[in-house]
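Good morning, colleagues. Please take a moment with the sequence and the structure before we walk through them together.

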Amino acid sequence: MMAYSFFICVILLAGPTAGLTVLVAGNPSRYTIADNDRDLAGSTIAASTTVAKKPSPAIRDTSGITDAAPPPASRSRPAWVDQGAERVGGEYHLPVAIGPYASPLECEARLPAAVEAAIDDYVELVLGPEARGRVKVPWAFVETNLLRERYMESRLFQLTSTQQREMHTLYVLLAFDHNANQYLRQIWRFTQGTMNLARFGTFFGIAVWTLTVVWGYLRLDLTLRGRYRWALRAAASVLLVMPWVVLAIFPIL
């Protein structure tokens, strides 16, 4: 009876531990999978923490390209720069080159004189040699109606065998259409009228001067009764020739 009671106590004490051992031996994958899930969760959290702290190189490079400023666009050389004067449709195109000079400001300063010379060439072609240099076009009209395009070119020039310098050349395109030709003819007609009036006034003044000198000579000759006649004639001759000398030195328009 004592032995039987001892055996029952041993079974009661060893029962829970043995049962747990049997359960683990019967289904070992349950606890292994749970442990693996905890490991994966931990690695996922660690990976997410790593990504948050250190961005990928691809994302950093892309942001740098986006923030970069685009390079400035270069203007190509227009075709009319290398062409001579020609008629295009109903217009006459005349390219003008100013330079090369050391700075763009020098090109701009010499622009009016170069354009005026080009207009004189065109006026001589259209209105004749007499009109050259006498048709003065206002600069406001040139900028509004004649100056069609402009192009500034900068490039290196070989100044000496060992020295180079960047020089600038300004190209402008003048375009003369029907309205511009009419305006030039209008200016030329007005200039011709002014020139004719100046010529008439000059010759009328010379005629009055001549009559005055002759009348003065005769008056003095009569007053002096023939004395100093040769001296009076010499003085009168000088006075009569003087206007023509002045006119030769300072021609009319």
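Let us begin with helix H5, residues 111-127, and helix H6, residues 139-146, in what is a predicted model. Their axes lie 12 Å apart, and the two helices pack at an angle of about 75°. H5 and H6 are therefore roughly perpendicular to each other. From H5, the residues that take part are Leu111, Pro112, Val115 and Ile119, and they meet Trp139, Val142 and Leu146 of H6. By class, this contact has 7 nonpolar residues, with no polar and no charged ones.

H5 has a further partner in H7. How do the axes of H5 and H7 cross, and within what distance do they come? They cross at roughly 85° and come within 11 Å. H5 and H7 are therefore roughly perpendicular to each other. On the H5 side we find Tyr122, Val123, Val126 and Leu127, which meet Asn181, Leu184, Arg185 and Trp188 of H7. The residues of this contact divide into 6 nonpolar, 1 polar and 1 charged.

Helix H7 spans residues 178-224, and Thr191 is a residue within this helix. Is Thr191 buried or exposed? Thr191 has a relative accessible area of 16%, and because the cut-off for buried is under 20%, Thr191 counts as buried. The side chain of Thr191 reaches the backbone oxygen of Ile187 at a distance of 2.8 Å.

H7 also packs against H8, with an angle of about 175° and axes 10 Å apart. Angles over 145 degrees count as roughly antiparallel, and H7 and H8 are therefore roughly antiparallel to each other. On the H7 side, the contact includes Thr202, Phe203, Ile206, Trp209 and Tyr217. On the H8 side, the residues include Arg229, Leu232, Ala236, Pro243 and Trp244. By class, the contact of H7 with H8 divides into 14 nonpolar, 2 polar and 3 charged residues.

Between H7 and H8 runs a loop, and Arg225 has its place there. Helix H8 itself covers residues 229-249. Tyr228 is found in the loop between H7 and H8 as well. Both deserve attention for their backbone angles. As background, most residues other than glycine have a negative phi, and most peptide bonds are trans. Arg225, although not a glycine, has a positive phi of about 55°. Tyr228, also a residue other than glycine, has a positive phi near 60°. Are these residues buried or exposed? Arg225 is exposed, with a relative accessible area of 79%. Tyr228 counts as exposed too, at 58% relative accessibility.

We turn now to the strands. In strand E2, residues 91-101, we find Pro100. A cis peptide bond joins Gly99 and Pro100, with omega about 10°.

Gly89 is found in the loop between strand E1, residues 86-88, and E2. With a relative accessible area of 67%, Gly89 is exposed. Which distance separates the C-alpha atoms of Gly89 and Asp177, which are 88 residues apart along the chain? Those atoms are separated by 9.4 Å.

Strand E4, residues 164-176, holds Leu174. At 0% relative accessibility, Leu174 counts as buried. What surrounds this residue, once its neighbours within four places in sequence are left aside? Leu174 is in contact with Tyr92, His93, Leu94 and Val96, and also with Val115, Ala118, Ile119, Leu146 and Leu147. Leu174 and Val115 are 59 residues apart in sequence, while their C-alpha atoms are 8.3 Å apart in space.

Finally, let us step back to the whole protein. There are 8 helices and 4 strands. From the N terminus on, the elements run α-α-α-β-β-α-α-α-β-β-α-α. The protein has 253 residues, of which 21% count as buried. The accessible surface comes to about 18500 Å², and 65% of that surface belongs to carbon and sulfur atoms. Among contacts between residues at least 6 apart in sequence, 66% join residues at least 24 apart.

Thank you for your attention.

Definitions and conventions: Residues are numbered from 1 along each chain as its sequence is written. This is a predicted model: local features need pLDDT of at least 70, side-chain atom pairs count only at pLDDT 80 or more; totals for chains, interfaces and linings use all residues. Side-chain values use heavy atoms; hydrogens and water are left out. Axes are lines fitted to C-alpha atoms, for helices over the stretch in contact, and angles run from 0 to 180 degrees between N-to-C directions. Angles under 35 degrees count as roughly parallel, over 145 as roughly antiparallel, 65 to 115 as roughly perpendicular and the rest as oblique. Contact means heavy atoms within 4.5 Å. Ala, Val, Leu, Ile, Met, Phe, Trp, Tyr, Cys and Pro count as nonpolar, Asp, Glu, Lys and Arg as charged, and the others, Gly among them, as polar. Buried means under 20% relative accessible area, exposed over 50%, partly exposed in between (1.4 Å probe, protein chains only). A polar contact is a pair of N or O atoms within 3.5 Å; within protein, one must be able to donate a hydrogen and the other to accept it, and residues adjacent in sequence count only if both atoms are side-chain atoms. Accessible areas come from the Shrake-Rupley method with a 1.4 Å probe; for residues, only the protein chains shown count as cover.
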